[in-house]
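Welcome! Here is a short tour of a protein chain for anyone meeting it for the first time. Have a look at the sequence and the structure, and then read on.

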Amino acid sequence: SPHSAWKARDSLEKRHRALMETFGIKLEVLPDGRRRWHGCSKDTPRCFPTVHSRTPEYLVAGRWTPPCCLRALRETARHVVAELEAAGIRYWLEGGSLLGAVRLGDIIPWDYDVDVGLYREDVPKCRWLEAVLTSGGPVEDPEGFLWEKAAEGEFFRVHYSRANRLHVDLWPFYVRPGGVMTKDTWLGHRQDVEFPERFLVPLVSVAFAGGSAKAPNDPRAFLELKFGPGVVESPEYPNPAVRRLAQDVGNK
């Protein structure tokens with residue numbers, strides 16, 4: 001009967017989704033080329049818990065960033081870049097995000113957030129950052145992205161949504177005497193160093209996350225100042241003491 005046929009289809013669909021979850025499959029490409037997502041969305045939490053020692057759970061398991069999480073990071077990055085540019089804010093890609101742009105024109109395939117630097121004096125130009133400063137709490141924009149001040153220090157964070165905490169970190173820098181860019185919060189990461197403002201005058205455009213973003217005018221020199229010589233050609237996980245890229249190369 002039609003009812004029995006519907007029950008059979010529903011049962012098959014539930015078993016199929018359970019199988020995808022068992023194997024940890026986030027994106028399924030169907031025989032006709034269509035794509036079916038089984039991972040996170042704006043209405044669900046991200047696919048991995050709190051990151052410890054700069055190493056997300058999926059890296060410990062020998063996997064790279066789930067495709068649904070990368071999709072959310074790209075959407076959030078493009079949204080933040082569009083808002084900053086519309087506001088006339090001077091910003092640039094930082095750290096691993098700039099590394100990804102130089103190597104791939106995209107987010108590094110095992111990364112879990114996006115880092116952006118901006119001039120601290122320009123912060124009030126962005127209506128959402130200004131609203132965060134004025135209200136003292138998080139602010140949700142009309143497209144569902146959540147802007148807030150980070151709990152860890154003097155910087156901002158833009159989440160994919162209230163439910164999904166994949167995010168872009170916004171780091172306010174300012175010029176100290178001698179033309180050196182500095183900031184007020186340092187988390188002890190390798191790339192957490194001061195640098196000459198000349199890298200930002202002028203800024204240049206680079207391909208990133210399906211669009212374009214601003215970057216220092218000599219990205220290679222900027223990255224080598226932050227990470228060391230040869231960093232562009234020598235990819236490595238954020239914390240090699242926990243897991244090294246060499247353990248997983250060839251398995252992806």
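In the UniProt record, an unreviewed entry, residues 86-123 carry the annotation "domain: LicD/FKTN/FKRP nucleotidyltransferase". Please keep in mind that this is a predicted model. The points below begin with the overall layout and then turn to one strand, β4.

**Overall layout**
- The protein is divided into two parts, domain 1 (2-37) and domain 2 (64-239).
- Taken over C-alpha atoms, the centres of domain 1 and domain 2 are separated by 37 Å.

**The annotated stretch**

**Strand β4 and its two faces**
- Strand β4 spans residues 114-119 and is mostly covered, with 6 of its 6 residues buried.
- In a regular strand the side chains alternate between the two faces of the sheet.
- From β4, V114, V116 and L118 point one way, while D115, G117 and Y119 point the other way.
- Both of these groups are buried: V114, V116 and L118 as well as D115, G117 and Y119.

**The partners of β4**
- Which way do β4 and strand β3 run relative to each other, parallel or antiparallel? Strand β3 (residues 91-93) and β4 run antiparallel, joined by 3 bridges.
- L93 has V116 in β4 as its bridge partner.
- Strand β8 (residues 167-176) runs parallel to β4, and 6 bridges join the two.
- Opposite D115 stands D169, which belongs to β8.

Notes. Residues are numbered from 1 along each chain as its sequence is written. This is a predicted model: local features need pLDDT of at least 70, side-chain atom pairs count only at pLDDT 80 or more; totals for chains, interfaces and linings use all residues. Side-chain values use heavy atoms; hydrogens and water are left out. UniProt positions are given in the numbering used here, feature names are shortened, and annotations may be inferred rather than shown by experiment. Domain bounds come from an automatic or database domain assignment. Buried means under 20% relative accessible area, exposed over 50%, partly exposed in between (1.4 Å probe, protein chains only). Helices (H or I, at least four residues) and strands (E, at least two) are DSSP runs, numbered from the N terminus. Two strands pair if DSSP finds at least two bridges between them.
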